Amino acid sequence: MNNEEVHNDEEEFRDQISTVNSDGSRKWVYPKKPFGKYFTKRKIVSYVLLIILFGAPHLYINGQQSLLFNILDRKFAILGKVFWPQDFYLFAIAMIIGVVFIILFTIIFGRIFCGWICPQTIFMEMVFRRIEYWVEGDWTHQKKLNDGPWNGEKIRKKVFKHFIFWVISFLIANTFLAYIISSEELWEIQTSPINEHLGGFIAIIFFTFAFYFVFTLLREQVCTTICPYGRLQSVLLDENSLVVAYDHKRGEGRSKFKKNEDRAANGKGDCIDCNQCGNVCPTGIDIRHGTQLECVNCTACIDACDHMMDNVGLDRGLIGFLSEKGITQGTKFQWTRRVISYSILLASMLVVLTILLVTRTDFEATILRQRGSTYQMTNDGRVSNIFEINLTNKTHKDYKIKLKLDHSDAEIDVAVKKLILKSEDRLKERFVMKLPIEKIENGKQEVTVIVYGNGKEIQRVTTKFIGPNI
Ligand code: SF4
Ligand code: SF4
């Protein structure tokens, strides 16, 4: 085999997706049950995150759902603080920060988010897959069961497993909706007759089916072919990124283990070609081919390989969190120009966001002349303008609102002098303001409206009054 043929052979795995057969059919992945140091850590992280995920919509801070993303009413709440469409700029900045953070994180640590934090992996590997192991046994038993005939045992196991999958999908669907429409609204749907909340009922069923489909059939395809973040890896990673990688320098010259053999003396590497790293991989790849798009950095292969290294008396870490430069040149993490630039950008944006959050007001008041309206002359010789006031209360208290004017000659109609602004609510009211004609210079006059809430001044809004230019 010449060099080119060797290279082509090495790169052949890139020609097809690991979970698709050459005839285009799906290659079902049966990963071996993982265990080990990293798996234990992942379990702890996953269960803490699952408690937060299921608990947050039912936790109320200052009477407000701790996490709410109500896109329909354009109302968001984070740790009891309510955000309205007026705060959209904060969300925009937070989202940009999120993107920069992901870029920076990926440059340094690769796709570790996927294996350790992403809900898709956590539900798949820590909930659904573990139930599957419990009901159907480890990978070989699962394969045997699937390949075997539909006998009593198979029917019993499949029905039981899918029933549990369905129940969990139902729970996830309800939790998902609690984040979108609030847990109170969801409770209302759950406890009312179906015909009173038909839309809500359909949404619950639809999302239950969607999650059931994702975790029962779609599975690793979400990470390997659908999720756009996986695709970004190829442009974000560089030779300094720490990813789950195989130390090819140490491992190559792979060959089966032989007792009492001096592998180094025989020119052999440390990889004993046991394929345990591939057996545990939930995306069906062989990490020894190098960094691949399908790898979600779940670390199952690290545990599997460490276990084999222990068994044959070799050092752990043949697969580990390694960078390509670390493997080939032995270098440690380096602050490259790219990492420094993104770090500075991220820190600056975090400072800006913090300042904006700290200086964010609990009230928003805007007063504008009604669109398309002009001035009018009253019978007593004064000029009147129609205004529209928009008030937003981001607090958890109701407020009695009073409007006063700083201009002694100006007057507003009585109706808007007293308004009730409910907690976390918005109010839109139209009112008429009048001014003596002689107080208007060059056709306009600035007037400041002082907004009082429960007797305290909460905001001053300056607006423009128009009149005849005389
Ligand atoms: S290669 Fe290793 S880290 Fe990557 S997905 Fe497979 S088992 Fe997980
Ligand atoms: S588990 Fe380790 S020793 Fe076994 S094939 Fe994979 S890299 Fe080689």
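Author: Let's start with the cysteines, and with the cut-off they need: a disulfide here is a pair of cysteine sulfur atoms within 2.5 Å. This is a predicted model, and searching the whole structure by that rule turns up 0 disulfides. Take Cys 114: the closest cysteine sulfur belongs to Cys 227 and sits 6.0 Å away, so that pair is too far apart for a bond. Cys 114 is also buried, at 6% relative accessible area. Cys 305 counts as buried too, with 10% relative accessibility.

The largest pocket has a volume of about 1,100 Å³. Elements giving two or more residues to its lining are α2 (37-55), β3 (67-70), α3 (88-109), α4 (112-116), α5 (119-136), α9 (198-218) and α10 (221-226). Of these, α3 gives the most, with 6 residues. In total, 35 residues line the largest pocket, and Ile 102, Phe 113, Ile 117, Cys 118 and Pro 119 lie nearest its centre. Sorted by class, that lining comes out as 31 nonpolar, 3 polar and 1 charged residues.

What about the ligand shell? Around ligand 1 there are 13 residues, and those that come nearest are Cys 281, Cys 295, Cys 298, Thr 299 and Cys 301. By class, this shell has 10 nonpolar and 3 polar residues, with no charged ones.

Conventions:
Residues are numbered from 1 along each chain as its sequence is written. Chains are lettered from A and ligands numbered from 1 in the order in which they are written. This is a predicted model: local features need pLDDT of at least 70, side-chain atom pairs count only at pLDDT 80 or more; totals for chains, interfaces and linings use all residues. Side-chain values use heavy atoms; hydrogens and water are left out. A residue is near a molecule or strand if one of its heavy atoms lies within 4 Å of it. Ala, Val, Leu, Ile, Met, Phe, Trp, Tyr, Cys and Pro count as nonpolar, Asp, Glu, Lys and Arg as charged, and the others, Gly among them, as polar. Buried means under 20% relative accessible area, exposed over 50%, partly exposed in between (1.4 Å probe, protein chains only). On a 1 Å grid over the protein atoms alone, a cavity is a set of points where a 1.4 Å probe fits but cannot get out, and a pocket is an open set with protein on both sides within 12 Å along at least five of seven lines; lining residues have an atom within 4 Å of a point. Grid points are joined across faces, edges and corners, and a volume is the space filled by probe spheres set on the points. Helices (H or I, at least four residues) and strands (E, at least two) are DSSP runs, numbered from the N terminus.
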